[in-house]
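Here are some notes for a colleague who wants to go through the fold with the structure open. The points begin with the sheet and then turn to the helices.

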Amino acid sequence: MSGSLAVYGGTFDPVHYGHLRSAIEIRQALSVDTVCLVPSYMPPHRQQPDSTPEQRLEMLRLAIDEHAGLRIDDREIKRKGPSFMVETLESIRQEVGSDVSLSLVLGSDAYAIFNEWRRWQDIVDIAHLVVLERPGYALDDVPQSLRDWSMPRWVESPQELLKTAAGKMTRLKVTQLEISASMIRNQINVGLAIDYLLPEKVQDYIRRQKLYSTP
Ligand code: ATP
């Protein structure tokens, strides 16, 4: 393989330490060169975000700043329309070529409905899958069809993913931070403090833009 890249997609409405800490741990556990955070324009499998794509992108920029090994990729926002991950991975694969180990990262909550994603089986032809264990979402608690399909693809060590371009799946137990963007939005909405859940620069931006508080 001539390099490695992990793609961490999400709504990031707003980005928080659960995302950021796991991005760092993914980079270390997989020994990938770069973890690329990809904010969606229009997430197809959940309610639409409260903030605009530009605001979510700016919060990511403020959060990541110049952190080594983390990058933001705005192709879904530029593409507009529903943000199907299979299309994102196809365009990334085209750019990096067939000799790069490419991994898609998703939390166990997202994995639980992975078989509802557009062309979900094709995704693992294009990239590996890394499932982050998240509090409250057991990895075994998925539809039978997904369990059967995934069975031959699981590998124990994340390092295995560096040996091939795509096709394997692994689970990763990152530091369990029970933080979610919806929890942060709710706290703001009821006037509670959000300190230490997300970077201060992002908190300042949320205050300046008056995000997540209904008048
Ligand atoms: P919401 O509460 O609005 O659903 P979220 O906090 O789950 O948002 P998303 O942007 O929807 O954030 O998530 C992007 C990806 O990050 C998903 O794959 C999700 O599982 C993962 N993720 C989110 N929070 C954490 C966390 N605390 N620990 C590990 N993974 C997380």
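**Notes on the sheet and its helices**

1. In this predicted model, six strands form an open sheet in the order β3-β2-β1-β4-β5-β6, and the pairing is parallel. The edges are taken by β3 (70-72) and β6 (169-172), and because each of these has a single partner strand, one side of each is left without a neighbour in the sheet. On average, and with direction ignored, neighbouring strands of this sheet are turned by 25 degrees against each other.

2. Within the sheet, strand β1 (residues 4-10) runs parallel to strand β2 (residues 34-39), and the two are joined by 6 bridges. As a point of reference for inspecting this pair, Gly9 stands opposite Val38 in β2.

3. Helix α1 (residues 17-30) lies across β1, β2, β3, β4 (101-107), β5 (128-132) and β6, and runs at about 160 degrees to β1.

4. As for its length, helix α2 (residues 53-64) has 12 residues and reaches 17 Å from its first C-alpha to its last, which is close to the 16 Å expected at 1.5 Å a residue. The residue that follows α2 is Asp65, and its phi is positive, near 50 degrees.

Key: Residues numbered from 1 in each chain as written. Predicted model: local features only at pLDDT ≥ 70, side-chain atom pairs only at ≥ 80, totals over all residues. Heavy atoms only, no water. Pairing = 2+ DSSP bridges. Helix = DSSP H or I, 4+ residues; strand = E, 2+ residues; numbered from the N terminus. Axes fitted to C-alpha atoms, helices over the stretch in contact; angles between N-to-C directions. Contact = heavy atoms within 4.5 Å. Expected span 1.5 Å × (residues − 1).
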